[in-house]
Amino acid sequence: MAASGSGGSRADNGYGSQQPRRRKGPGALATAYLVIYNVVMTAGWLVIAVGLVRAYLAKGSYHSLYYSIEKPLKFFQTGALLEILHCAFGIVPSSVVLTAFQVMSRVFLTWAVTHSVKEVQTEDSVLLFVVAWTITEIIRYSFYTFSLLNHLPYLIKWARYTLFIVLYPMGVSGELLTIYAALPFVRQSGLYSISLPNKYNFSFDYYTFLILIMISYIPIFPQLYFHMLHQRRKVLSHTEEHKKSE
């Protein structure tokens with residue numbers, strides 16, 4: 001559950017992109033549904049972006065902006081769970097396991113860390129990953145919408161395959177710092193931990209679990225980041241070649 005990502009057809013860990021394997025496209029009904037879904041999700045993340053800007057202008061400070069967008073953030077990030085069903089039912093040609101992993105990573109951070117540990121909600125690190133997620137998702141869902149309509153502007157394609165260079169490290173940094181900030185409060189409160197003895201003879205230490213999640217970012221982040229850089233060179237160079245041949 002590391003290096004969380006987000007996704008319509010999500011094979012990019014949220015911040016970059018990976019070409020889905022070639023397959024027959026969805027039918028007319030499925031395409032119409034996916035267009036509506038991606039338009040709604042684009043609009044939702046735009047609402048979050050506007051909420052952040054309005055709150056900043058009203059307060060004159062970027063501190064504690066999380067409270068101004070808490071409800072729509074939870075709603076639309078949780079709404080990404082539908083993307084797992086999209087893969088499971090075959091209307092999107094992406095791996096169910098990979099998509100579930102990436103979606104659940106963000107849902108976990110949204111609910112099991114930021115929502116559950118109230119003390120971290122004022123941390124600047126929360127704003128760091130929220131801003132990264134917001135820009136990423138506006139671009140990503142716009143990309144899927146226009147792709148489904150077979151009318152993809154080059155600017156959106158370029159943004160999707162370029163801005164992750166900054167947004168991915170920014171998001172991952174915010175996620176790690178937020179989990180780190182939650183650790184002392186989790187340890188003190190025993191949040192979600194199960195201690196022995198109990199009738200199930202089972203114990204679970206949520207504090208240790210969070211540390212393991214942080215450690216798991218170490219091998220995963222570089223692999224995904226360099227993979228996305230490779231995909232960027234591949235896709236954008238192909239686009240440039242196509243333009244020259246026209």
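Biologist: Before we look at any side chains, what does buried mean here?
Modeller: Buried means under 20% relative accessible area, whereas exposed means over 50% and partly exposed lies in between. Please keep in mind that this is a predicted model.

Biologist: Understood. Are E137 and R106 buried or exposed?
Modeller: E137 is buried, and R106 is buried too. The two residues form a salt bridge, with 3.3 Å between the closest N and O atoms. This pair links distant parts of the chain, as E137 lies in helix α5 (residues 124-148) and R106 in helix α4 (residues 96-115), 31 residues apart.

Biologist: Which other residue forms a salt bridge with E137?
Modeller: R140 does, and there the closest N and O atoms are 2.7 Å apart. E137 and R140 both belong to helix α5, where three residues, about one turn of the helix, separate them. R140 is buried, as is E137.

Biologist: Which residues do the shared partners join into one network?
Modeller: The network consists of E83, R106, E137 and R140, joined by salt bridges that share partners.

Biologist: And how many salt bridges does the structure hold?
Modeller: It holds four. One of them is formed by E70 and K74, whose closest N and O atoms are 2.7 Å apart. Because E70 and K74 are four residues apart in helix α2 (residues 66-79), about one helical turn separates them. Both residues of this pair are buried.

Biologist: Back to α4 and α5. How do their axes cross?
Modeller: The axes of α4 and α5 come within 13 Å and cross at roughly 150°. The helices α4 and α5 are therefore roughly antiparallel, since angles over 145 degrees count as such. The crossing of α4 and α5 is left-handed.

Biologist: Let us move to the surface. Which residues form a nonpolar patch there?
Modeller: The patch is formed by Y33, L82, L85 and F89, and together they have about 420 Å² of accessible area.

Biologist: Where is L82 found, then?
Modeller: L82 is in helix α3, which covers residues 82-88. It counts as partly exposed because its relative accessibility is 38%.

Biologist: New topic: backbone geometry. Which residues does the cis peptide bond join?
Modeller: It joins L196 and P197, with omega at about 0°. P197 is placed in the loop between α7 (164-189) and α8 (206-245).

Biologist: Why point that bond out?
Modeller: Because most peptide bonds are trans. Likewise, most residues other than glycine have a negative phi.

Biologist: What is the phi of N150, then?
Modeller: Phi of N150 is near 55°, which is positive although the residue is not glycine. N150 sits in the loop between α5 and α6 (154-160). With a relative accessibility of 72%, N150 counts as exposed.

Biologist: And what is the phi of Y192?
Modeller: Y192 is not a glycine either, and its phi is positive at about 60°. Y192 lies in the loop between α7 and α8, the loop that also holds P197.

Biologist: How accessible is Y192?
Modeller: Y192 has a relative accessible area of 44%, so this residue is partly exposed.

Key. Residues numbered from 1 in each chain as written. Predicted model: local features only at pLDDT ≥ 70, side-chain atom pairs only at ≥ 80, totals over all residues. Heavy atoms only, no water. Patch = residues over 30% accessible without salt bridge, like charges linked within 9 Å, V, L, I, M, F, W, Y side chains within 5 Å. Areas by Shrake-Rupley, 256 points an atom, 1.4 Å probe, with all protein chains shown as cover. Salt bridge = Lys/Arg side-chain N within 4 Å of Asp/Glu carboxyl O. Helix = DSSP H or I, 4+ residues; strand = E, 2+ residues; numbered from the N terminus. Buried < 20%, exposed > 50% of the residue type's maximum accessible area, 1.4 Å probe, protein only. Axes fitted to C-alpha atoms, helices over the stretch in contact; angles between N-to-C directions. Parallel < 35°, antiparallel > 145°, perpendicular 65-115°, else oblique. Left-handed = near helix turned anticlockwise from the far one by under 90°.
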